[in-house]
Amino acid sequence: MRGDDNQQEGMFSYVSPEKRVPADHPLRPIRKMVDEILKEMSPQFAKLYSDVGRPSIAPERLFRSLLLQIFYSVRSERMLIEQLQYNLLFRWFVGMEMDEVVWNHAVYSKNRERLLNEEIAASFFARVLDRARPYMSDEHFTVDGTLIEAWASQKSFRPKDGTGKPSGPGGEVNFKGEKRKNETHQSSTDPDARLWTKSRGSEAKLSYMGHVMMENRNGLLVEAFLTESNGRAERDAALLMAEAIPPGKRVTLGGDKAYDTQEFVREG
């Protein structure tokens with residue numbers, strides 16, 4: 001006998017999100033560690049907020065939600081907020097009740113910008129490293145860099161002196177025949193972004209350069225760096241990151257052919 005396709009209008013459940021997440025789910029130990037770190041950082045959070053006014057999004061929840069965005073490669077904060085509407089796993093990790101109202105994505109972005117400054121992010125990362133130290137090599141490391149595309153469109157890359165072809169009715173700009181260089185042009189929406197290409201023949205994009213140093217035992221991240229895009233950025237960032245390696249013993253530092261220069265080898 002064929003069953004009825006009943007359309008459920010509402011939902012009432014006695015089972016909490018905590019009980020719905022499997023006991024062996026990989027996010028469980030991660031959340032435990034993250035909660036310990038955020039508890040240690042609570043005095044730092046308190047200094048960022050006033051004692052009066054409307055309550056903001058809890059900084060602990062902001063951190064947990066941003067980690068989810070990284071773990072699951074959620075493309076935007078708008079999509080992250082959408083996931084929090086119906087994804088019980090996400091709600092559990094952040095610490096939200098099943099029927100709790102989710103924040104507006106614009107409010108979320110403003111709160112995130114105020115919280116995630118360089119000092120707070122570095123403090124969180126340092127505490128994660130302390131817990132990972134027993135699993136990390138202190139002798140063998142690898143550095144690498146990559147382009148990080150800026151949140152700026154190509155049509156925003158305009159001459160610094162205000163000249164250039166005017167934009168069309170829809171904001172389109174015809175760049176045909178116009179030589180665009182970082183020395184003469186810059187983005188009107190992100191002036192620090194530079195037009196750069198990672199390899200010969202590939203498309204030039206407005207971007208920054210991200211740099212990482214990994215230890216070779218388990219491939220754990222030791223240092224991260226963000227710079228403008230230029231021909232020396234990878235080597236300069238590698239030398240700065242290498243300064244974080246504790247002195248006292250001989251270590252190896254590996255890299256691809258972008259680091260194969262006499263100057264870098266000599267200074268390293």
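This report describes the fold, the nonpolar cores, the salt bridges and some surface features of a predicted model.

## Overall architecture

The protein chain contains 10 helices and 7 strands. Of its 268 residues, 33% count as buried, and the accessible surface of the chain comes to about 18100 Å², of which 53% belongs to carbon and sulfur atoms. When contacts between residues at least 6 apart in sequence are considered, 63% of them join residues that are at least 24 apart.

In soluble globular proteins, nonpolar side chains tend to be buried together. In this model the largest nonpolar core has 29 residues, and those with the most contacts inside it are Phe45, Phe63, Leu84, Trp103, Tyr108 and Phe124. The elements that give two or more residues to this core are H2, H4, helix H5 (77–86), helix H6 (88–94), H7 and H8. Apart from it lies another core, made of 12 residues, among them Leu129, Met136, Met213 and Phe264.

Tryptophan 103, one of the residues with the most contacts inside the largest core, touches Ile57, Arg61, Ile81, Leu84, Val94, Met96 and Tyr108 when residues up to four places away in sequence are not counted. Among these contacts, Leu84 and Tyr108 are themselves listed with the most contacts inside the largest core.

## Helix H8 and its packing

Helix H8, residues 118–132, has 15 residues and reaches 21 Å from its first C-alpha to its last, which is close to the 21 Å expected at 1.5 Å a residue. Its buried residues are Ile120, Ser123, Phe124, Leu129 and Ala132, and these pack against helix H2 (27–40), helix H3 (42–46), H4, helix H7 (105–115) and strand S6 (221–228).

## Arginine 61 and its surroundings

Arginine 61 is found in helix H4, and, with residues up to four places away in sequence left aside, it touches Val94, Gly95, Met96, Glu100 and Trp103. The C-alpha atoms of arginine 61 and leucine 38, which are 23 residues apart along the chain, are separated by 9.7 Å.

With glutamate 100, arginine 61 forms a salt bridge in which the closest N and O atoms are 2.5 Å apart. Because arginine 61 lies in helix H4 and glutamate 100 in the loop between H6 and H7, the pair ties together parts that are 39 residues apart in sequence. Glutamate 100 counts as partly exposed, at 24% relative accessibility.

## Other salt bridges

A search of the whole structure finds 13 salt bridges. One of them joins lysine 249 to glutamate 139, with the closest N and O atoms 3.8 Å apart. Lysine 249 lies in the loop between helix H9 (233–242) and strand S7 (252–254), and glutamate 139 in the loop between H8 and strand S1 (140–149), so this pair ties together parts that are 110 residues apart in sequence. Lysine 249 is partly exposed, with a relative accessible area of 40%, and glutamate 139 also counts as partly exposed, at 35% relative accessibility.

Arginine 232 forms a salt bridge with aspartate 236, the closest N and O atoms of the pair being 3.2 Å apart. Arginine 232 is partly exposed, with a relative accessible area of 37%, and aspartate 236 is partly exposed as well, with a value of 33%.

## The surface at the end of helix H4

A nonpolar surface patch of about 310 Å² is made by Ile70, Phe71 and Tyr72. Isoleucine 70 has its place in helix H4, which covers residues 59–71. With a relative accessible area of 62%, isoleucine 70 is exposed, because a residue counts as exposed when this value is over 50%.

Serine 73 lies in the loop between H4 and H5, and its phi is near 50°, a positive value in a residue other than glycine. Serine 73 also counts as exposed, at 58% relative accessibility.

Conventions
Residues are numbered from 1 along each chain as its sequence is written. This is a predicted model: local features need pLDDT of at least 70, side-chain atom pairs count only at pLDDT 80 or more; totals for chains, interfaces and linings use all residues. Side-chain values use heavy atoms; hydrogens and water are left out. Patches are made of residues with over 30% relative accessible area and no salt bridge: like charges are joined within 9 Å, nonpolar side chains (Val, Leu, Ile, Met, Phe, Trp, Tyr) within 5 Å. Accessible areas come from the Shrake-Rupley method with a 1.4 Å probe; for residues, only the protein chains shown count as cover. A salt bridge is a side-chain nitrogen of Lys or Arg within 4 Å of a carboxyl oxygen of Asp or Glu. Helices (H or I, at least four residues) and strands (E, at least two) are DSSP runs, numbered from the N terminus. Buried means under 20% relative accessible area, exposed over 50%, partly exposed in between (1.4 Å probe, protein chains only). The expected span of a helix is 1.5 Å times one less than its number of residues. Contact means heavy atoms within 4.5 Å. A nonpolar core is a set of buried Ala, Val, Leu, Ile, Met, Phe, Trp, Tyr and Cys residues joined through side-chain atoms within 4.5 Å.
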